[in-house]
Amino acid sequence: MFARWKVEICCGSLLDVMTASRFPIDRIELNSALELGGLTPTIAELRHARGCTDLPIMCMDRPRTAGFCYDSTELEVMSEDAEILLEHGADGIVFGALNPDHTVNEEFIRHMTRMIHEAGKTAVFHRAFDETRDPDEACRTLISCGVDRILTSGQEETVLKGGELVHHLIQTYGNEIEILPGCGINADNVQEVLQKTGSDQFHMTAKSMRMDTLPYAAVDAKNLNAVYQKLNSRREQKHPSLTGEDQAMLENDRYEEEEEPYDDEERR
């Protein structure tokens, strides 16, 4: 919605979806447990999210934390989860699976992509890509499987550090598959990330850590607002000021004060 850049917000709860939807974003990635890197959301969460926004919702399909080498039982659960999520309104499935040698589990990815496409939805390979042994080999495999988009940090801790690889992937394979930069994007570096990668889209959580009995991650409106202010200033360097609904939102809706964050570091 920001004319030049598509923005996907990673949400870990219904409240996150409601917060993110107040901004001119383009997509939501719905998860549970952002503090664990994002796991499969519940059906109830998806149904409520679907009821409060018309934005495309990409649902994470990840059965557990840690790595991405799954046994046959876990793969069966992932396949069934994807089917159920699609039946309940998911616009796409975000998934990934690797072999023990850190190559793409091609058989499973083909199966999942075929099922997702038969439902008329989008197949997204998540940051399991960043653990593959050869990013070019992995990208070619995912293209052959028909995957629509890859979420990646360029095989580094943050996409700012991995920006050169992301740029290479976009330049080399961007006509065959979408490359979505993500991980560690915030107001302080969003302009540099976009410049370094040459991407026309990005993925971020804009999270802060909140405190209940223990800390948990949540989308923070203040962080999102700061990112959009930076995007607006970058856009104004080359284009006239924003007009219409997007500009009015950014100028007039500064959002209520949030509780003090436990840890404002962006790590997804």
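Q: Which residue stands opposite Val 124 in E6?
A: In this predicted model, the residue in E6 that stands opposite Val 124 is Arg 149.

Q: How do you know that strand E5 and strand E6 pair?
A: Two strands count as paired if at least two bridges are found between them, and two bridges join strand E5 (residues 122-125) to strand E6 (residues 149-152). The pair therefore meets the cut-off, and the two strands run parallel.

Q: What makes strand E7 and strand E8 edge strands?
A: The open sheet has eight strands in the order E7-E6-E5-E4-E3-E2-E1-E8, with parallel pairing. Strand E7 (178-181) and strand E8 (201-204) each have a single partner strand, so one side of each is left without a neighbour in the sheet. From one strand to the next, the twist averages 25°.

Q: Which strands does helix H3 touch where it packs on the sheet?
A: Helix H3 (residues 72-87) touches strand E3 (57-60) and strand E4 (92-95), and its direction makes about 155° with that of E4. Helix H6 (residues 163-173) also packs on the sheet, touching E6 and E7, and the direction of H6 makes about 160° with that of E7.

Q: Why is the contact between the side chains of Glu 8 and Arg 27 called a salt bridge?
A: The term requires a side-chain nitrogen of Lys or Arg within 4 Å of a carboxyl oxygen of Asp or Glu. For Glu 8 and Arg 27 the distance from N to O is 2.7 Å, which is within that limit, so the name applies. The pair links distant parts of the chain, with Glu 8 in strand E1 (residues 6-11) and Arg 27 in strand E2 (residues 27-30), 19 residues apart. Both Glu 8 and Arg 27 are buried.

Q: Where in the chain are Arg 210 and Asp 220, whose side chains meet in a salt bridge?
A: The salt bridge between Arg 210 and Asp 220 has an N to O distance of 3.0 Å. Arg 210 lies in strand E9 (residues 207-211), and Asp 220 in the loop between strand E10 (215-219) and helix H8 (221-236), ten residues apart.

Terms used
Residues are numbered from 1 along each chain as its sequence is written. This is a predicted model: local features need pLDDT of at least 70, side-chain atom pairs count only at pLDDT 80 or more; totals for chains, interfaces and linings use all residues. Side-chain values use heavy atoms; hydrogens and water are left out. Helices (H or I, at least four residues) and strands (E, at least two) are DSSP runs, numbered from the N terminus. Axes are lines fitted to C-alpha atoms, for helices over the stretch in contact, and angles run from 0 to 180 degrees between N-to-C directions. Contact means heavy atoms within 4.5 Å. Buried means under 20% relative accessible area, exposed over 50%, partly exposed in between (1.4 Å probe, protein chains only).
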